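These entries record what I looked up in one structure, taken in the order in which I examined it. I began with a helix and then turned to charged and aromatic side chains.

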Amino acid sequence: MVVTIHQPEHFPYMGYFQKMEAADIFVILDNVNYRKNYFQNRNKFLNKNGIEEWFTIQVEKGSTSKHIKDVNTVNGPWRKKILTKHNQNLGINLESIYSHNKLIDINIKSIEYCKNILNINTPIIYASDLNVYGTKSELLANIVKELKGTTYLSGPSGKDYLDKKYFNNIKVNFFEPKVNNYYSTLYNI
């Protein structure tokens, strides 16, 4: 059984979903710290004028000291800005996705939205629902072991940081996405 693990990004790029489709189980790594200025609360697309544009969820101060699953959004104009950008540039209304107050809920809704359009049926589970511990590579290996996985499908950057000693009898493969660009999947579907 092939297990892949990824943090819950906001409307991730196509490679995220290609990796999801290549696995038997997709684990949302929600029990690690939130990372500022990354794709957990933002993403980008080319607007209708061909200019790169970011769309960002505003999160509470101190988020980098919290697990992703515990990060809250803040009240403010960011929701209206994002909805307007999506409507004007992509012709879609995503109000139901942005109606939540926790970052994890918004991101999961964005992932499910794209997953459904792409017709991907890989089951999703949350790392925080598993009884596993560890940090970095040890945590990833323990998740795969808990799920009785035989293969861990890592992203390409795993070659730079993954410590294979924790995986014992688990095969480690590195997925190479085949994408035209790294913009949000919203831009590509």
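**Entry 1: helix α1**

I looked up helix α1 (residues 14–21) and found six of its eight residues buried, so the helix is largely enclosed by the rest of the structure. I note that the model is a predicted one. The buried residues of α1 are Met 14, Gly 15, Tyr 16, Phe 17, Lys 19 and Met 20.

I then asked what covers the buried residues of α1.

**Entry 2: salt bridges**

I next asked how many salt bridges the structure holds. There are six, and I followed up three of them.

Lys 159 and Glu 176 meet through their side chains in a salt bridge, at 2.9 Å from N to O. Lys 159 belongs to helix α5 (residues 158–161), whereas Glu 176 is in the loop between β7 (171–174) and α6 (185–188), so this pair ties together parts that are 17 residues apart in sequence. Glu 176 counts as partly exposed, at 40% relative accessibility.

Lys 69 forms a salt bridge with Asp 70, with 3.4 Å between the closest N and O atoms. I found Lys 69 partly exposed at 27% relative accessibility, and Asp 70 partly exposed at 31%.

For Lys 44 and Glu 52, which also form a salt bridge, the closest N and O atoms are 3.5 Å apart. Is Lys 44 buried or exposed? Its relative accessibility is 17%, so Lys 44 counts as buried, the cut-off being under 20%. Glu 52, at 41%, counts as partly exposed.

**Entry 3: aromatic rings**

I searched the whole structure for aromatic pairs and recorded twelve. One of them is formed by Tyr 38 and Phe 39, an edge-to-face pair with 5.5 Å from centre to centre and 70° between the planes. Tyr 38 is partly exposed, with a relative accessible area of 26%. Phe 39 likewise counts as partly exposed, at 24% relative accessibility.

I also asked which residues ring pairs link into a cluster. They are Phe 11, Phe 45, Phe 55, Trp 78, Tyr 98 and Tyr 113.

**Entry 4: charges over rings**

I returned to Tyr 38 and found the charged end of Arg 35 over its ring, 4.0 Å from the ring centre. I recorded a further case at Trp 54, where the charged end of Arg 42 sits over the ring, 4.0 Å from its centre.

Methods:
Residues numbered from 1 in each chain as written. Predicted model: local features only at pLDDT ≥ 70, side-chain atom pairs only at ≥ 80, totals over all residues. Heavy atoms only, no water. Salt bridge = Lys/Arg side-chain N within 4 Å of Asp/Glu carboxyl O. Buried < 20%, exposed > 50% of the residue type's maximum accessible area, 1.4 Å probe, protein only. Helix = DSSP H or I, 4+ residues; strand = E, 2+ residues; numbered from the N terminus. Contact = heavy atoms within 4.5 Å. Phe/Tyr/Trp six-rings, centres within 6.5 Å; stacked < 30°, edge-to-face > 60°. Lys NZ or Arg CZ within 6 Å of the ring centre and 35° of its normal.
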